[in-house]
Amino acid sequence: MNPAELLHALYLVAIVAEAMTAALAAGRRQMDWFGVALLGAITALGGGSVRDVLLGRYPLSWVENPHLLLITCGAALATIVIAHHMRHLRRVFLFLDAVGLVVFTIIGCNIAAGLGLPVVIVIASGMITGCVGGVLRDVLCADVPLLFRAELYATVSIVTGASYVGGQWLGLPHDSVMLGSMLIGLALRLLALRFGWSMPKFVYTESLH
Amino acid sequence: MNPAELLHALYLVAIVAEAMTAALAAGRRQMDWFGVALLGAITALGGGSVRDVLLGRYPLSWVENPHLLLITCGAALATIVIAHHMRHLRRVFLFLDAVGLVVFTIIGCNIAAGLGLPVVIVIASGMITGCVGGVLRDVLCADVPLLFRAELYATVSIVTGASYVGGQWLGLPHDSVMLGSMLIGLALRLLALRFGWSMPKFVYTESLH
Amino acid sequence: MNPAELLHALYLVAIVAEAMTAALAAGRRQMDWFGVALLGAITALGGGSVRDVLLGRYPLSWVENPHLLLITCGAALATIVIAHHMRHLRRVFLFLDAVGLVVFTIIGCNIAAGLGLPVVIVIASGMITGCVGGVLRDVLCADVPLLFRAELYATVSIVTGASYVGGQWLGLPHDSVMLGSMLIGLALRLLALRFGWSMPKFVYTESLH
């Protein structure tokens, strides 16, 4: 299995994991089966779609490969059946969610770098790919997005993207840069989960208006 | 009146009906007149706009035909005047809303099929066209979208799209397929309203995090 | 400084002011530093991005000029440090926010007019550029957008755009039309703030469903 194949395999694992955690969020809101499937697909594929729309990169991945829609809807629906057993799989899911975050990020960085965009946009493209799916999930659940309040989630995406950009700048081989950045991001995310690291919060209680 | 003209006439009826029901949602949130007009236009035209942005299909319909903006804003504002009489028209509006759902769906299917996209995307395009306007309305009202919780609304859109795809696969004449799919979808929606049919819900009360 | 340079300078002032007021909204929601930076960038650059996506106009401004991302994130983060002093600057910020509204609006009108689009779309493009950033901010804070409920904010944008279109129709010089429309819009906004003008509200308490 070469690195491109590994990345694609990890991508499939990642969209399944994202669709399944989205399905649990849907269940907490008592959505119907259709809502579960749709929220799963939007969460898993939304980050890449928003990236492609912002970059004007058509066709979108799921328009070209409709099986991505079927896989994510299917994974979300399967979650309804196995939800009672997922409690025991909590750690597995947190791990897969972290894998998904860094895999999505690297795919987004790859695409922007391949278009010859500046490094700030390469990092932003990785972050949009990695994080926007969860933002859409939270907005559709009428929550303030967790991204804006949670432990190092977006920071992990930025660090992963910055490692990618830095590795390329140093002239390291592309495959090593991809794998190395993913490992750095994954380690940071797991350490943040383990030790409850979080960014400082900005608390402001006055009103301008 | 040939089928294409009928579809266009039904489309105009549908965007007016969607704008008017959105205006009532705005009134329940005590929005100002401007908010009413805007929510009406976004709800009526948002599904088609999101579809075209996702498919990279420019220009958007209301950019090419600005009178669509004027019609939907006007319909929403007119609702402010006649809202007190609309209670008696409840059934008429539920019927027009159902017509709008199937008309939007068929238009979305037509467009994707015309672009030669795969059947899964033809059905998804119909569903996005039919359902996203209402999702935008609910998000802008800070509600969990009704779509994810309500009676067969999205299911009707999928069944309509699947009938369209099935009819084309059987090689039936295009106009018959369009009209037949709309009648199937409309019948299902009216039966669901009459008998209170709904999709089963997924209720999940544990937290993964 | 010619009018184009003035408009660009005002644009930079406007995105900084929008990013800073968004940072305060983030602080009221107790977002972390990352959320503050992101909400600042989305609020300041979101209106122009949505306009360009709807018009199919690529690349987006911040993809082509990534320093816009850095400026807006930086302004939002700087707000964390100086927030305690901003109470005394309340009037300055309300003024800069009004400047931002009319500057964004005129830029949006300019772009649509330059594409040869119809006048309704020129006004709509101005309004989208001027107002959508704030809508995204409110949706990401899980609020009903202020735009739909607040004092003449969107109306100011429409009046500014209509003055621009009217001035062009009268054949007045382009620079005079731009500056004149901005002054008309700014005056209306400041008067609305001073005297608490607002649009009438539509209050509807019955349910259709």
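Two residues are in contact if their C-beta atoms, placed from the backbone, lie within 7 Å. Keep that rule in mind for this tour.

This is a predicted model, where local features need a pLDDT of at least 70, side-chain atom pairs count only at pLDDT 80 or more, and totals for chains, interfaces and linings use all residues. Residues are numbered from 1 along each chain as its sequence is written, while chains are lettered from A and ligands numbered from 1 in the order in which they are written.

**Stop 1: confidence**

Chain A averages 89, and 96% of its residues score at least 70. Confidence is lowest in helix H1 (residues 3–28) of chain A, with a mean of 90. It is highest in helix H3 (residues 61–64) of chain A, at 96. For the complex, the predictor gives an ipTM of 0.89 and a pTM of 0.92.

**Stop 2: chains A and B**

Select both chains. Which residues of chain B touch chain A? Chain B puts 28 residues in contact with 33 residues of chain A. Helices H2 (33–55), H6 (119–140) and H7 (153–169) of chain B each give two or more residues to this side. H6(B) gives the most, with four residues. By class, this side of chain B has 21 nonpolar, three polar and four charged residues. (Ala, Val, Leu, Ile, Met, Phe, Trp, Tyr, Cys and Pro count as nonpolar, Asp, Glu, Lys and Arg as charged, and the others, Gly among them, as polar.)

Only 11% of the interface residues of chain B are also interface residues in chain A, so the copies meet through different surfaces.

**Stop 3: the axis**

A 120° rotation with 0.0 Å of shift along its axis does it, at an RMSD of 0.0 Å. The two copies are thus related as by a three-fold rotation axis. Select B:Ala142: of the residues of chain B, its C-alpha comes closest to the axis, at 3.4 Å.

Chain C can be laid on chain B by a turn of 120° and a shift of 0.0 Å, with an RMSD of 0.0 Å. In chain C, the C-alpha nearest the axis belongs to C:Ala142, 3.5 Å from it.

Technical notes
Least-squares fit on C-alpha atoms with pLDDT ≥ 70 in both. pLDDT = per-residue confidence, 0-100.
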